[in-house]
Amino acid sequence: MEPMRRSTVVSVELGALLAVVGGFLDAYSVIGLGGVFANAQTGNVVLLGVEAVRGNWGTAARHIPPIVAFVIGVAVAETLRRPRVAAALRRPARAALVLEILVLIVVGFLPAGVPGGVKVVVIAFVASVQVSTFRTLITWSYNTTMMTGNLRSFSQALYLAIADRDPDSARKTRNFAVIIVGFIAGGLVGGWLTLHVGAHAIWVAAGVLVVALGLFVVDERRGA
């Protein structure tokens with residue numbers, strides 16, 4: 001995407017920070033915004049079906065807006081990657097992070113009277129931009145907002161590392177373990193802060209993204 005900063009875009013350090021944010025936002029939305037997932041759209045699809053089967057149409061409908069917002073976020077991320085747009089922005093990966101930071105800061109400022117569903121939709125949008133922009137960890141496909149695929153990759157690599165004593169699989173195992181632990185840590189911290197701080201807890205997630213953005217600046221100055 002950005003040859004000079006490619007090492008940052010696919011680095012484990014960046015991936016870990018984004019995974020922390022992914023876990024944080026899901027915990028924040030489930031605990032503080034009515035039990036609706038902001039990141040895990042599989043969960044929303046399943047809950048939509050379950051509530052519809054039970055005849056709880058109002059509850060089922062609550063899971064539709066985040067799914068739609070996620071789809072829109074993918075479209076925005078793909079737009080940022082279009083040659084003309086990327087050339088105009090020069091740094092599309094950074095632009096995606098800045099967009100996410102600004103949106104999360106705004107969400108933290110929204111008054112208590114704003115429905116939780118509105119906040120979930122906004123968070124689902126930025127989560128979609130994140131997961132669609134950052135899709136490669138070193139050389140492997142991964143996900144910063146959902147762990148099912150990462151767990152599969154970790155388990156497969158662990159098996160090959162043990163069975164075949166493959167050093168590349170061992171390296172992959174370690175790196176995916178970092179991502180998974182980061183997501184778990186984000187969920188724990190996000191859940192605790194949401195319970196004790198409330199809506200403003202989301203600013204911590206924005207702060208983590210600021211650190212992630214800083215990695216680009218540091219690597220650029222080092223000529224990475």
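**Entry 1: a helix pair**

I began with two helices and noted that α3 passes α5 in a left-handed crossing, a crossing being left-handed if the near helix is turned anticlockwise from the far one by less than a right angle, and right-handed if clockwise. The contact is formed on the α3 side by Q41, N44, V45 and L48, and on the α5 side by I64, P66, I67 and F70, where contact means heavy atoms within 4.5 Å.

Two packed helices are described by the angle between their axes and the distance between the axes. For α3 (residues 41-53) and α5 (residues 64-81) I noted an angle of about 145° and an axis separation of 9 Å. The axes are lines fitted to C-alpha atoms, for helices over the stretch in contact, with angles running from 0 to 180 degrees between N-to-C directions.

**Entry 2: what I am reading from**

The model is predicted, and I kept in mind that local features need pLDDT of at least 70 and side-chain atom pairs count only at pLDDT 80 or more, while totals for chains, interfaces and linings use all residues. Residues are numbered from 1 along each chain as its sequence is written, and side-chain values use heavy atoms, with hydrogens and water left out.

**Entry 3: the chain as a whole**

I counted through the secondary structure and recorded eleven helices and two strands, taking helices (H or I, at least four residues) and strands (E, at least two) as DSSP runs numbered from the N terminus. The order from the N terminus on is α-α-α-α-α-α-α-α-β-β-α-α-α. The radius of gyration is 18 Å, close to the 17 Å that the globule rule gives for 224 residues, so the chain is as compact as a globular protein of that length; the radius is taken over C-alpha atoms, and the rule is 2.2 Å times the number of residues to the power 0.38.

Along the principal axes, the C-alpha trace spans about 50 × 45 × 35 Å. Of the contacts with a separation of 6 or more, 74% are between residues 24 or more positions apart. The chain exposes about 10900 Å², and carbon and sulfur atoms supply 68% of that area, as computed by the Shrake-Rupley method with a 1.4 Å probe, where for residues only the protein chains shown count as cover. I also noted that 44% of the 224 residues count as buried (buried is under 20% relative accessible area, exposed over 50%, partly exposed in between, with a 1.4 Å probe and protein chains only).

I next looked up A124, which lies in helix α8 (residues 116-133) and is buried, with a relative accessible area of 0%. Leaving aside neighbours within four places in sequence, A124 is in contact with A38, Q41, P66, A69 and F70. Among these, Q41, P66 and F70 are residues that I had already listed in the contact between α3 and α5. The C-alpha atoms of A124 and D26 are separated by 9.3 Å, although the two residues are 98 apart along the chain.

F125 is also found in α8 and counts as buried, at 19% relative accessibility. Not counting residues up to four places away in sequence, F125 touches A69, I72, G73, V76 and L99.

**Entry 4: two buried threonines**

T144 sits in the loop between β2 (140-141) and α9 (148-163) and is buried, with a relative accessible area of 0%. Beyond its neighbours within four places, its contacts are G15, L18, A19, G22, Q130, V131, F134 and F183. T8, in helix α1 (residues 6-9), is likewise buried, at 0% relative accessible area, and touches L14, L215, F216 and D219 when residues up to four places away are not counted.

**Entry 5: positive phi**

Most residues other than glycine have a negative phi, and most peptide bonds are trans. I138 is in the loop between β1 (136-137) and β2 and is partly exposed, with a relative accessible area of 21%. R165 also has a positive phi, near 50°; R165 lies in the loop between α9 and α10 (167-197) and is exposed, with a relative accessible area of 74%.
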